[in-house]
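Dear colleague,

I am passing a structure on to you, and below it you will find an account of what turned up in it. Please read the two together.

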Amino acid sequence: MPHIAVTMLPGRNRETKQILAEKLCNTLIDTLGVDAKFVSVSIEDVEMKDWDNSMKRIPAETIIINPNK
């Protein structure tokens, strides 16, 4: 049951988030060969002032692409 969690700065509307979630879901389905009924996607808006604290919740070893490295 794969789950994709997206954290980003606020400012995008629900429609844009829906399109992003569907594209991520489809990519996951194509790449892993799983059924759509097992895939979930969450999107969390985090204010810039809270960004560093928010990223501390994510274990460093789980971040596959890190623009800060």
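Predicted model: local features only at pLDDT ≥ 70, side-chain atom pairs only at ≥ 80, totals over all residues.

Residues are numbered from 1 along each chain as its sequence is written, and side-chain values use heavy atoms, with hydrogens and water left out.

As for confidence, the chain has a mean pLDDT (the predictor's confidence in each residue, from 0 to 100) of 95, with 100% of its residues at 70 or more. Helix H2 (residues 51-56) has the lowest confidence, at a mean of 94, and strand S2 (residues 40-45) the highest, at 98.

The chain has two helices and two strands (DSSP runs numbered from the N terminus, helices being H or I of at least four residues and strands E of at least two), and from the N terminus on these elements run β-α-β-α. Its C-alpha trace spans about 35 × 30 × 20 Å along the principal axes. Of the contacts (heavy atoms within 4.5 Å) with a separation of 6 or more, 70% are between residues 24 or more positions apart. Buried residues (under 20% relative accessible area, with exposed over 50% and partly exposed in between, for a 1.4 Å probe and protein chains only) make up 16% of the 69 residues.

Leaving aside residues up to four places away in sequence, Val39 touches Pro2, Cys25, Leu28, Ile29 and Val34.

Turning to the pockets, a pocket is an open set of points on a 1 Å grid over the protein atoms alone, where a 1.4 Å probe fits and protein lies on both sides within 12 Å along at least five of seven lines; lining residues have an atom within 4 Å of a point. The largest pocket holds about 450 Å³ of space, a volume being the space filled by probe spheres set on the points, which are joined across faces, edges and corners. Its lining has 19 residues, of which Thr7, Trp51, Met55, Ile58 and Ile63 lie nearest the centre, and by class the lining comprises eleven nonpolar, five polar and three charged residues. S1, S2 and H2 each supply at least two residues of this lining.

The second largest pocket holds about 170 Å³, and its lining, among which are Arg12, Lys17 and Ile43, divides into three nonpolar, three polar and three charged residues. H1 provides the largest share of that lining, four residues.

Ser54 lies in helix H2 and counts as buried because its relative accessible area is 7%; beyond residues up to four places away in sequence, Ser54 touches Thr7 and Val46. Ala36, by contrast, lies in the loop between H1 and S2 and counts as partly exposed, at 43% relative accessibility.

With best wishes

How values were computed: Nonpolar A, V, L, I, M, F, W, Y, C, P; charged D, E, K, R; others polar.
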